[in-house]
Amino acid sequence: MPTRNKIRTAILGRRRPVVTDRDLSRLRAAITAFFFLDGFVFAGWVARIPAIKDRTSASEGALGLALLGVSAGGTATMMATGRLCRRFGNHPTTVAAGALLAASVALPPLTHSALALGLVLLVFGTGFGALNVAMNSAAVDLIAALRRPVMPGFHAAFSLGGMAGAGLGGLIADHLSPTRHLSLLALFGLLLAAVAGRTLISLPAPVPPGGPGPAAEPGAGTSPGGARPDGARWLVAVFGLIALCTAYGEGAMADWAALHLHQDLDASAGLAAAGYSVFALMMAVGRLSGTVLLERLGQTSTLIAGGVTAAAGMLLGSLAPTIWLALLGFAVTGLGLANLFPVAIARAGALTGPGGVAAASTLGYCGMLLGPPTIGFLADWYSLPTALTTVAALAAVSAVVTYGTRNAART
């Protein structure tokens, strides 16, 4: 008879090994390590973009085209990774993708032209996209076994990894060449992937007894086998739209927050740089407290409250007449957006497995790609503050979509 200490996996032609509470804790630590790795490596690369631009002698336009390699590689890989996860398993795919991401971060400083940079960034983007789908799929399996909504905690590890990678990159940028820095980063990433990957490979993906177990709301159909295919695909698209609205705001804040503070509110360069830092910090804080929030409010209420909070915060951040009110708005926006993406990805994965994670992640990634250029075009046509209000608009859309589909998510 199954107990909480021994969670038995599903029977697929033969009996799978028993996964104990200790195994679940080890899996949680290993998956958390891959989320941290993802944020740490990506932020380390971003910190060296200016130096690599100088090394390749690329113009702004050529650099922009080269940077599309990351986006193209990631987007093209995400849906394929869902199929790889189904064929080979989430754990082996996570380890392979993590190793590819870590190894490929050493390649950009070895290039000497924008074309070569774009080609190696295709490889880097492939690792980034594959790891995001695979590790989120592994996290969905673990959430089901734990029967707790711990996805925000994994994404908090990504945020903290990004902050650590960016901070370390800024500290050593004047002391190490990009080649040495990113080579050391690749070595660290490979070591972390090897250590955490050993746990993932040695333990099977957990399957909860008696049906779905992620922190779904009562009555929610979270099992791929328990939801009608057409309805499940439609709901995955809904959660993908929520992820898109969230990622649009993240991309816009990363590229335009500092410029808004400096250009429109006359902030100094240092104070302007604090705009995104405040936003990112509060996103990390929001995700660290996300599990408690989900357990108290439920997923639907958390999504609605997050969308409304982000919309209000971004209206303040974009239209505030003073720097400090704008910074307050950015902080509130970070808190509001913090848990929208993790919950959307977790729900999509609970509905249709790795394919749902891949579909929702791809839509979300498209939002991150669309955000910065859309803000730029609107800023040219109107003004940057007006353009930034689109972040508030899409956050509000995510809340409205969640409210409008609240009953469908329970069928």
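Okay, a definition before anything else: a residue counts as buried when its relative accessible area is under 20%, as exposed when that area is over 50%, and as partly exposed in between. Keep in mind that what you see here is a predicted model.

In space, leucine 168 and alanine 47 are 8.9 Å apart, C-alpha to C-alpha, while 121 residues separate them in sequence.

Now, on to the aromatic rings. How many aromatic pairs does the structure hold? There are eight of them. One is made by phenylalanine 35 and phenylalanine 154, and it's stacked: the centres are 5.5 Å apart, with 20 degrees between the planes. That pair links distant parts of the chain, since phenylalanine 35 belongs to helix H1 (residues 21–47) and phenylalanine 154 to helix H6 (residues 151–172), 119 residues apart. And are those two buried or exposed? Both phenylalanine 35 and phenylalanine 154 are buried.

Next up, phenylalanine 128 and tyrosine 365. Their ring centres lie 6.0 Å apart and the planes meet at 45 degrees, so we call this pair tilted. Phenylalanine 128 is in helix H5 (residues 114–146) and tyrosine 365 is in helix H14 (residues 354–381), so the pair ties together parts 237 residues apart in sequence. Here too, phenylalanine 128 and tyrosine 365 are buried.

Technical notes:
Residues numbered from 1 in each chain as written. Predicted model: local features only at pLDDT ≥ 70, side-chain atom pairs only at ≥ 80, totals over all residues. Heavy atoms only, no water. Phe/Tyr/Trp six-rings, centres within 6.5 Å; stacked < 30°, edge-to-face > 60°. Helix = DSSP H or I, 4+ residues; strand = E, 2+ residues; numbered from the N terminus. Buried < 20%, exposed > 50% of the residue type's maximum accessible area, 1.4 Å probe, protein only.
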